[in-house]
Amino acid sequence: MRALVFRGPWDIAVEERQDPEAGPGEVLVEVLSTGICGSDLHGYTGENGRRFPGQVMGHETVGRVAALGPEVTGIAVGALITVHPVLSCGACPACAAGLDHRCPTKRIIGVDPAISAAFAELMVVPAANVVPLPENVPVEYGALVEPLAVGHHAVERGRCGSDDTVLVVGGGPIGQACALAVRRLGVTRIAVSEPHAGRRSLLDDIGVATMDPTAAALADQAAEVLGGAPTLVIDAVGSSRSLADALAVCAAGERVVLVGMHEPRVSVSAYSVSLEERSLVGSYCYTGTHFRETAAWVGSAPPELARLIEGRVSLVDAPEAFRALANGDDGSSKVLVLPDRG
Ligand SMILES: [Zn+2]
Ligand SMILES: [Zn+2]
(Lines give C-alpha, C1' and ligand atoms only; values in the text may rest on other atoms or scores of the structure.)
(Ligands and ions follow the chains in the order given, each with its own letter.)
Protein backbone atom coordinates (compact mmCIF):
# COMPACT_ATOMS: atom_id res chain seq x y z
CA MET A 1 0.00 0.00 0.00
CA ARG A 2 0.99 3.61 -0.28
CA ALA A 3 1.30 5.55 2.96
CA LEU A 4 2.21 9.10 3.89
CA VAL A 5 5.26 8.78 6.12
CA PHE A 6 6.46 11.47 8.50
CA ARG A 7 10.26 11.50 8.07
CA GLY A 8 11.18 14.46 10.29
CA PRO A 9 10.31 18.14 10.73
CA TRP A 10 8.83 19.59 7.51
CA ASP A 11 9.43 16.27 5.72
CA ILE A 12 6.59 13.94 4.85
CA ALA A 13 6.45 11.68 1.78
CA VAL A 14 4.50 8.90 0.11
CA GLU A 15 6.21 5.53 0.56
CA GLU A 16 5.33 1.99 -0.40
CA ARG A 17 4.64 -0.16 2.67
CA GLN A 18 3.58 -3.75 3.11
CA ASP A 19 -0.20 -4.19 3.24
CA PRO A 20 -1.28 -4.66 6.86
CA GLU A 21 -3.31 -7.72 7.83
CA ALA A 22 -6.06 -7.95 10.43
CA GLY A 23 -5.16 -10.14 13.40
CA PRO A 24 -7.60 -11.66 15.91
CA GLY A 25 -10.22 -9.11 16.93
CA GLU A 26 -9.06 -6.66 14.27
CA VAL A 27 -10.50 -5.18 11.10
CA LEU A 28 -8.73 -4.15 7.90
CA VAL A 29 -10.03 -0.78 6.69
CA GLU A 30 -9.76 0.70 3.21
CA VAL A 31 -9.27 4.39 3.97
CA LEU A 32 -11.49 6.72 1.93
CA SER A 33 -10.72 10.09 3.47
CA THR A 34 -8.68 11.42 6.41
CA GLY A 35 -8.66 14.95 7.77
CA ILE A 36 -5.46 16.86 8.46
CA CYS A 37 -5.62 17.93 12.12
CA GLY A 38 -3.87 20.90 13.70
CA SER A 39 -2.02 18.39 15.87
CA ASP A 40 -0.74 16.62 12.73
CA LEU A 41 0.59 19.97 11.49
CA HIS A 42 2.27 20.67 14.84
CA GLY A 43 3.77 17.18 14.66
CA TYR A 44 4.89 17.78 11.07
CA THR A 45 6.73 20.98 11.99
CA GLY A 46 8.26 19.27 15.05
CA GLU A 47 6.63 21.81 17.39
CA ASN A 48 4.77 19.46 19.68
CA GLY A 49 7.26 16.57 19.81
CA ARG A 50 4.36 14.09 19.73
CA ARG A 51 5.06 12.62 16.28
CA PHE A 52 8.12 10.51 15.40
CA PRO A 53 10.11 9.80 12.19
CA GLY A 54 8.84 6.76 10.30
CA GLN A 55 5.32 7.25 11.62
CA VAL A 56 2.13 7.18 9.54
CA MET A 57 -0.22 9.71 11.16
CA GLY A 58 -3.95 10.31 10.65
CA HIS A 59 -6.76 9.98 13.20
CA GLU A 60 -9.76 11.72 11.58
CA THR A 61 -10.88 9.08 9.17
CA VAL A 62 -13.64 7.35 7.25
CA GLY A 63 -13.34 4.12 5.30
CA ARG A 64 -14.85 0.82 4.34
CA VAL A 65 -14.31 -2.51 6.04
CA ALA A 66 -12.06 -4.49 3.66
CA ALA A 67 -11.60 -7.69 5.68
CA LEU A 68 -12.25 -9.13 9.12
CA GLY A 69 -9.63 -10.80 11.27
CA PRO A 70 -10.38 -14.03 13.18
CA GLU A 71 -13.00 -13.83 15.95
CA VAL A 72 -14.65 -10.66 14.63
CA THR A 73 -18.43 -10.72 14.44
CA GLY A 74 -21.15 -8.13 13.98
CA ILE A 75 -19.30 -6.06 11.38
CA ALA A 76 -19.99 -6.39 7.65
CA VAL A 77 -17.29 -6.33 4.98
CA GLY A 78 -17.97 -3.28 2.84
CA ALA A 79 -19.61 -1.29 5.64
CA LEU A 80 -18.97 2.46 5.82
CA ILE A 81 -17.26 3.22 9.11
CA THR A 82 -15.30 5.73 11.11
CA VAL A 83 -12.70 4.86 13.72
CA HIS A 84 -12.71 5.80 17.38
CA PRO A 85 -8.95 6.34 17.73
CA VAL A 86 -8.53 5.86 21.50
CA LEU A 87 -7.27 2.40 22.47
CA SER A 88 -7.78 1.81 26.19
CA CYS A 89 -7.22 -1.13 28.54
CA GLY A 90 -10.89 -1.61 29.40
CA ALA A 91 -10.06 -2.71 32.94
CA CYS A 92 -8.73 0.26 34.95
CA PRO A 93 -10.93 2.57 37.10
CA ALA A 94 -11.03 5.23 34.35
CA CYS A 95 -12.14 2.70 31.73
CA ALA A 96 -14.69 1.21 34.15
CA ALA A 97 -16.13 4.70 34.61
CA GLY A 98 -16.48 5.18 30.85
CA LEU A 99 -13.58 7.65 30.81
CA ASP A 100 -11.43 5.64 28.43
CA HIS A 101 -9.60 8.77 27.24
CA ARG A 102 -8.12 9.04 30.76
CA CYS A 103 -6.88 5.44 30.78
CA PRO A 104 -3.26 5.64 31.97
CA THR A 105 -2.14 3.10 29.34
CA LYS A 106 -4.22 4.49 26.46
CA ARG A 107 -2.72 4.72 23.00
CA ILE A 108 -4.15 6.87 20.24
CA ILE A 109 -4.28 5.77 16.61
CA GLY A 110 -2.52 8.49 14.59
CA VAL A 111 -0.51 9.69 17.57
CA ASP A 112 1.21 6.50 18.77
CA PRO A 113 4.21 6.02 16.44
CA ALA A 114 3.97 2.21 16.66
CA ILE A 115 0.54 2.19 14.98
CA SER A 116 0.30 2.72 11.21
CA ALA A 117 -2.67 5.07 10.96
CA ALA A 118 -5.02 6.71 8.47
CA PHE A 119 -2.83 8.66 6.04
CA ALA A 120 -2.52 5.46 4.01
CA GLU A 121 -4.57 3.30 1.66
CA LEU A 122 -5.13 0.67 4.36
CA MET A 123 -5.09 0.49 8.14
CA VAL A 124 -5.84 -2.11 10.79
CA VAL A 125 -7.91 -1.24 13.85
CA PRO A 126 -9.47 -3.20 16.72
CA ALA A 127 -13.05 -4.20 15.89
CA ALA A 128 -14.16 -2.50 19.12
CA ASN A 129 -13.03 0.85 17.71
CA VAL A 130 -15.01 0.56 14.48
CA VAL A 131 -18.08 2.82 14.47
CA PRO A 132 -20.53 2.15 11.59
CA LEU A 133 -22.11 5.01 9.67
CA PRO A 134 -25.34 4.97 7.63
CA GLU A 135 -24.80 4.27 3.90
CA ASN A 136 -26.69 7.40 2.88
CA VAL A 137 -24.44 9.88 4.72
CA PRO A 138 -21.98 11.80 2.51
CA VAL A 139 -18.79 9.76 2.92
CA GLU A 140 -16.60 12.77 3.73
CA TYR A 141 -18.71 13.60 6.77
CA GLY A 142 -17.28 10.49 8.40
CA ALA A 143 -13.86 12.15 8.58
CA LEU A 144 -15.42 14.98 10.62
CA VAL A 145 -16.69 12.77 13.45
CA GLU A 146 -13.39 12.89 15.36
CA PRO A 147 -12.91 16.69 15.48
CA LEU A 148 -16.65 17.18 16.08
CA ALA A 149 -16.41 14.76 19.04
CA VAL A 150 -13.69 16.95 20.56
CA GLY A 151 -16.16 19.84 20.51
CA HIS A 152 -19.01 17.75 21.93
CA HIS A 153 -16.84 16.62 24.85
CA ALA A 154 -15.56 20.16 25.55
CA VAL A 155 -19.12 21.47 25.72
CA GLU A 156 -20.10 18.64 28.08
CA ARG A 157 -17.05 19.41 30.23
CA GLY A 158 -18.35 22.98 30.46
CA ARG A 159 -21.74 21.66 31.65
CA CYS A 160 -23.40 23.71 28.96
CA GLY A 161 -27.15 24.14 29.30
CA SER A 162 -29.69 25.69 26.97
CA ASP A 163 -29.86 28.90 29.03
CA ASP A 164 -26.12 29.53 28.81
CA THR A 165 -24.62 32.39 26.86
CA VAL A 166 -21.59 30.98 25.08
CA LEU A 167 -18.48 32.45 23.49
CA VAL A 168 -15.99 30.22 21.68
CA VAL A 169 -12.52 31.74 21.33
CA GLY A 170 -11.02 30.54 18.04
CA GLY A 171 -12.93 29.60 14.88
CA GLY A 172 -10.77 26.76 13.53
CA PRO A 173 -12.09 23.21 13.23
CA ILE A 174 -12.28 22.68 17.02
CA GLY A 175 -13.96 26.04 17.57
CA GLN A 176 -16.44 25.18 14.82
CA ALA A 177 -17.07 21.81 16.47
CA CYS A 178 -17.70 23.48 19.83
CA ALA A 179 -20.12 25.98 18.31
CA LEU A 180 -22.10 23.23 16.56
CA ALA A 181 -22.20 21.14 19.75
CA VAL A 182 -23.46 24.15 21.72
CA ARG A 183 -26.14 24.81 19.13
CA ARG A 184 -27.30 21.17 19.30
CA LEU A 185 -28.12 21.77 22.97
CA GLY A 186 -30.60 24.47 21.97
CA VAL A 187 -28.42 27.42 22.98
CA THR A 188 -29.39 30.51 21.01
CA ARG A 189 -26.90 33.05 22.40
CA ILE A 190 -23.65 31.83 20.92
CA ALA A 191 -20.77 33.52 19.10
CA VAL A 192 -17.22 32.73 18.02
CA SER A 193 -14.29 35.14 18.30
CA GLU A 194 -11.94 34.70 15.34
CA PRO A 195 -9.44 37.15 13.79
CA HIS A 196 -9.28 35.55 10.31
CA ALA A 197 -11.92 36.79 7.87
CA GLY A 198 -12.06 33.47 5.97
CA ARG A 199 -12.94 31.54 9.10
CA ARG A 200 -15.51 34.13 10.15
CA SER A 201 -17.17 33.77 6.76
CA LEU A 202 -17.27 29.97 7.15
CA LEU A 203 -19.00 30.44 10.51
CA ASP A 204 -21.39 33.00 9.00
CA ASP A 205 -22.29 30.44 6.33
CA ILE A 206 -23.27 27.84 8.95
CA GLY A 207 -25.28 30.41 10.87
CA VAL A 208 -22.96 31.10 13.81
CA ALA A 209 -22.42 34.74 14.91
CA THR A 210 -18.83 35.96 14.95
CA MET A 211 -16.67 38.69 16.45
CA ASP A 212 -13.31 39.98 15.27
CA PRO A 213 -11.18 40.25 18.44
CA THR A 214 -8.87 42.75 16.71
CA ALA A 215 -11.73 45.16 15.94
CA ALA A 216 -12.91 46.13 19.46
CA ALA A 217 -12.78 44.88 23.06
CA LEU A 218 -14.36 41.42 23.29
CA ALA A 219 -16.44 42.42 26.33
CA ASP A 220 -18.03 45.24 24.35
CA GLN A 221 -18.71 42.98 21.39
CA ALA A 222 -20.15 40.30 23.69
CA ALA A 223 -22.53 42.87 25.16
CA GLU A 224 -23.69 43.76 21.67
CA VAL A 225 -23.80 40.31 20.03
CA LEU A 226 -24.75 38.15 23.04
CA GLY A 227 -26.54 40.67 25.23
CA GLY A 228 -24.04 40.36 28.07
CA ALA A 229 -21.02 38.53 29.44
CA PRO A 230 -20.90 34.86 28.43
CA THR A 231 -21.58 32.30 31.17
CA LEU A 232 -19.47 29.70 29.34
CA VAL A 233 -16.34 30.47 27.34
CA ILE A 234 -14.48 27.78 25.43
CA ASP A 235 -10.85 28.44 24.53
CA ALA A 236 -10.39 26.47 21.33
CA VAL A 237 -6.94 27.96 20.69
CA GLY A 238 -4.96 27.34 23.86
CA SER A 239 -2.46 30.19 23.87
CA SER A 240 -1.68 32.74 26.60
CA ARG A 241 -3.47 35.31 24.47
CA SER A 242 -6.62 33.29 23.87
CA LEU A 243 -6.89 32.22 27.51
CA ALA A 244 -6.49 35.82 28.64
CA ASP A 245 -9.31 36.81 26.26
CA ALA A 246 -11.48 33.96 27.55
CA LEU A 247 -11.01 34.83 31.23
CA ALA A 248 -11.44 38.56 30.63
CA VAL A 249 -14.78 38.19 28.86
CA CYS A 250 -16.28 35.41 31.02
CA ALA A 251 -18.95 36.43 33.57
CA ALA A 252 -17.86 36.33 37.22
CA GLY A 253 -18.36 32.94 38.87
CA GLU A 254 -18.69 31.17 35.52
CA ARG A 255 -16.80 28.59 33.45
CA VAL A 256 -13.89 28.65 31.02
CA VAL A 257 -13.06 25.40 29.23
CA LEU A 258 -9.51 24.99 27.88
CA VAL A 259 -9.55 22.58 24.93
CA GLY A 260 -7.14 24.20 22.46
CA MET A 261 -3.56 22.92 22.62
CA HIS A 262 -1.62 25.58 20.74
CA GLU A 263 1.09 25.95 23.38
CA PRO A 264 2.24 23.48 26.05
CA ARG A 265 2.67 26.31 28.58
CA VAL A 266 0.49 29.37 28.98
CA SER A 267 0.43 32.19 31.52
CA VAL A 268 -2.79 32.83 33.37
CA SER A 269 -4.00 35.89 35.23
CA ALA A 270 -4.45 34.29 38.66
CA TYR A 271 -6.74 37.07 39.85
CA SER A 272 -9.11 36.59 36.93
CA VAL A 273 -9.65 33.07 38.31
CA SER A 274 -9.51 33.70 42.09
CA LEU A 275 -10.91 37.18 42.57
CA GLU A 276 -14.05 36.60 40.50
CA GLU A 277 -14.31 32.87 41.20
CA ARG A 278 -14.16 31.60 37.65
CA SER A 279 -13.68 27.89 37.04
CA LEU A 280 -11.02 26.83 34.57
CA VAL A 281 -11.83 23.35 33.25
CA GLY A 282 -9.62 21.17 31.06
CA SER A 283 -10.94 19.10 28.16
CA TYR A 284 -9.10 16.53 26.07
CA CYS A 285 -10.30 14.20 23.36
CA TYR A 286 -13.67 12.59 24.18
CA THR A 287 -15.12 9.57 25.89
CA GLY A 288 -16.13 6.60 23.75
CA THR A 289 -19.72 7.58 24.44
CA HIS A 290 -19.21 11.14 23.23
CA PHE A 291 -17.49 9.80 20.09
CA ARG A 292 -20.42 7.48 19.30
CA GLU A 293 -23.00 10.19 20.07
CA THR A 294 -21.19 12.46 17.63
CA ALA A 295 -21.10 9.70 15.00
CA ALA A 296 -24.86 9.26 15.40
CA TRP A 297 -25.38 13.00 14.84
CA VAL A 298 -23.07 13.01 11.80
CA GLY A 299 -25.00 9.97 10.55
CA SER A 300 -28.11 12.16 10.38
CA ALA A 301 -26.21 14.15 7.70
CA PRO A 302 -26.61 17.72 9.00
CA PRO A 303 -26.24 19.81 5.81
CA GLU A 304 -23.99 22.44 7.44
CA LEU A 305 -21.18 19.89 7.71
CA ALA A 306 -20.42 20.21 3.98
CA ARG A 307 -19.21 23.78 4.53
CA LEU A 308 -16.61 22.66 7.08
CA ILE A 309 -14.51 20.92 4.39
CA GLU A 310 -12.41 23.44 2.50
CA GLY A 311 -9.93 21.27 0.62
CA ARG A 312 -9.30 17.77 -0.74
CA VAL A 313 -5.95 16.39 -1.86
CA SER A 314 -4.64 13.06 -3.09
CA LEU A 315 -1.97 11.18 -1.17
CA VAL A 316 0.59 12.36 -3.75
CA ASP A 317 -0.36 16.00 -3.22
CA ALA A 318 -0.57 15.68 0.57
CA PRO A 319 3.08 16.64 1.29
CA GLU A 320 2.57 19.98 -0.44
CA ALA A 321 -0.72 20.46 1.42
CA PHE A 322 1.03 19.85 4.76
CA ARG A 323 3.71 22.38 3.86
CA ALA A 324 1.23 25.05 2.77
CA LEU A 325 -1.08 24.56 5.76
CA ALA A 326 1.82 24.57 8.24
CA ASN A 327 3.49 27.70 6.93
CA GLY A 328 0.22 29.57 6.44
CA ASP A 329 0.26 29.73 2.62
CA ASP A 330 -3.03 27.84 2.72
CA GLY A 331 -5.53 29.23 5.24
CA SER A 332 -8.10 26.49 4.63
CA SER A 333 -9.93 25.19 7.65
CA LYS A 334 -10.33 21.41 7.18
CA VAL A 335 -8.44 19.68 4.37
CA LEU A 336 -9.00 15.99 3.63
CA VAL A 337 -6.50 13.51 2.21
CA LEU A 338 -8.11 11.02 -0.20
CA PRO A 339 -5.76 8.05 -0.62
CA ASP A 340 -7.50 6.62 -3.70
CA ARG A 341 -7.23 9.75 -5.76
CA GLY A 342 -3.85 9.64 -7.17
ZN1 LIG B 1 -7.27 15.84 15.78
ZN1 LIG C 1 -7.92 1.70 31.18
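E30 is partly exposed, with a relative accessible area of 35%, where partly exposed lies between buried (under 20% relative accessible area) and exposed (over 50%), computed with a 1.4 Å probe on protein chains only. The structure described here is a predicted model, in which local features need pLDDT of at least 70 and side-chain atom pairs count only at pLDDT 80 or more, while totals for chains, interfaces and linings use all residues. Residues are numbered from 1 along each chain as its sequence is written, chains are lettered from A and ligands numbered from 1 in the order in which they are written, and side-chain values use heavy atoms, with hydrogens and water left out.

E30 sits in strand β3; strands (E, at least two residues) and helices (H or I, at least four) are DSSP runs numbered from the N terminus. Leaving aside residues up to four places away in sequence, E30 touches G63, R64, A66, E121 and L122, contact being heavy atoms within 4.5 Å. The C-alpha atoms of E30 and A67 are 8.9 Å apart, although 37 residues separate the two along the chain.

Next comes the metal site. The zinc ion (ligand 1) is coordinated by C37 through SG and by H59 through NE2, at 2.1 to 2.3 Å. Donors are N, O and S atoms within 2.8 Å of the metal (3.2 Å for Na, K and Ca), and sites may look incomplete because water is not among the atoms. C37 lies in the loop between β3 (26-35) and α1 (38-45) and H59 in the loop between α1 and β4 (60-68), so the pair ties together parts that are 22 residues apart in sequence. C37 is buried at 14% relative accessibility, and H59 is buried at 6%.

The axes of α1 and helix α10 (residues 318-327) are 10 Å apart and meet at an angle of about 95°, which makes α1 roughly perpendicular (65 to 115 degrees) to α10. Here D40, L41, Y44 and T45 of α1 meet P319, F322, R323, L325 and A326 of α10. Helix α3 (residues 145-157) and helix α9 (residues 288-299) have axes that come within 8 Å and cross at roughly 120°. This makes α3 oblique to α9, oblique being the angles left once those under 35 degrees (roughly parallel), over 145 (roughly antiparallel) and 65 to 115 (roughly perpendicular) are set aside. Axes are lines fitted to C-alpha atoms, for helices over the stretch in contact, with angles from 0 to 180 degrees between N-to-C directions.
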